[in-house]
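Student: Please take a close look at one part of this protein for me. I would like to know how its side chains are placed and what they pair with.

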Amino acid sequence: MAHSRSRVFATFSPNAGNVYRDENESVFNRGRKQTPLHAQSNARVVQMTGCAELSCPPDRASVTISVKNSKEHVNDVTNSVIRRLEYILQTVRQHDIKEENITVTKHLQREEELFHMQAEVLVVFSDFEKMQQARAVLIEKLDKIVCVGDPYYSHSAECLSLLRRRVCSEAVDNARLKASEVCCILGQVLGRPLLVHEEESREWTNSQHEVTGSPLTLPQKTAITLVSASSHVFVTFELRPNNNRRKF
């Protein structure tokens, strides 16, 4: 499961002209013409940094199934390979794999008196349970001239893009929550965000794992291909006075 953390500092300024910066990376104000805070009378702000870290498991598994045979007659070798190839394609389609996620390559050559033919099917699964079921059927039903490879786990572009957005949003939310708590302590009211700047973002993979001597389970295989991301943001919020405070 993903996890997050935050580091926070606060700066209250009675004069917004001392803290306002026109940042091109502002999330909320991108593309808009900004009104400098110093142009607003008695404007005050609170500034916060927030950090977050999230991890994302792979959402794709690629499996390569190869068929190869050698015979004296070309028709014999092609019929042998094509028959098994058709069974492979039928099996993966029965497990709801779309055509765009299936790639087939064939190769035929002759060496002396023998014809050699090889066919390879690359299948990309998004449902790991169906991937396991399809592999089990092919391993059980087909003979030794068919090789069903181990799954290769990876992250789609959409998965990584979502991870980056989520970790940045959580870092901003961490900054907002802390700013709200500080304002409550000091008797102020947190206003709208005026500036959001992502100061640092990082990504890394958890490719290290212990060698136990026994085959890895599916959860272990997906765990060692986790992608983690972190984000460090700087946020400026408008600071409003608490008009409900009792006057003496």
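Tutor: Start with Asp-150. Asp-150 is exposed, at 60% relative accessible area. Here exposed means over 50%, buried means under 20%, and partly exposed is in between, using a 1.4 Å probe and protein chains only. The model is predicted, so local features need pLDDT of at least 70 and side-chain atom pairs pLDDT 80 or more, while totals for chains, interfaces and linings use all residues. Residues are numbered from 1 along each chain as its sequence is written, and side-chain values use heavy atoms, without hydrogens or water.

Now find the partner. Asp-150 forms a salt bridge with Arg-135, at 3.5 Å from N to O. A salt bridge puts a side-chain nitrogen of Lys or Arg within 4 Å of a carboxyl oxygen of Asp or Glu. Asp-150 sits in the loop between S6 and strand S7 (152-154), and Arg-135 sits in helix H2, so the pair ties together parts 15 residues apart in sequence. Helices (H or I, at least four residues) and strands (E, at least two) are DSSP runs, numbered from the N terminus.

Lys-130 is partly exposed, at 26%. Asp-96 is exposed, at 56%. Side chains of opposite charge can pair when their charged atoms come close. The whole structure has 9 salt bridges.

Next, look at Met-131. Beyond its neighbours within four places in sequence, Met-131 is in contact with Ala-61, Val-63, Phe-125, Pro-151 and Tyr-153. Contact means heavy atoms within 4.5 Å.

Met-131 also belongs to the largest nonpolar core, which has 26 residues. A nonpolar core is a set of buried Ala, Val, Leu, Ile, Met, Phe, Trp, Tyr and Cys residues joined through side-chain atoms within 4.5 Å. Met-131 is listed among those with the most contacts inside this core, alongside residues including Phe-125 and Val-146. Helix H2 (128-141) gives two or more residues to this core, and so do S3 (60-71), H1 (74-94), S5 (114-125) and S6 (146-148). In soluble globular proteins, nonpolar side chains tend to be buried together.
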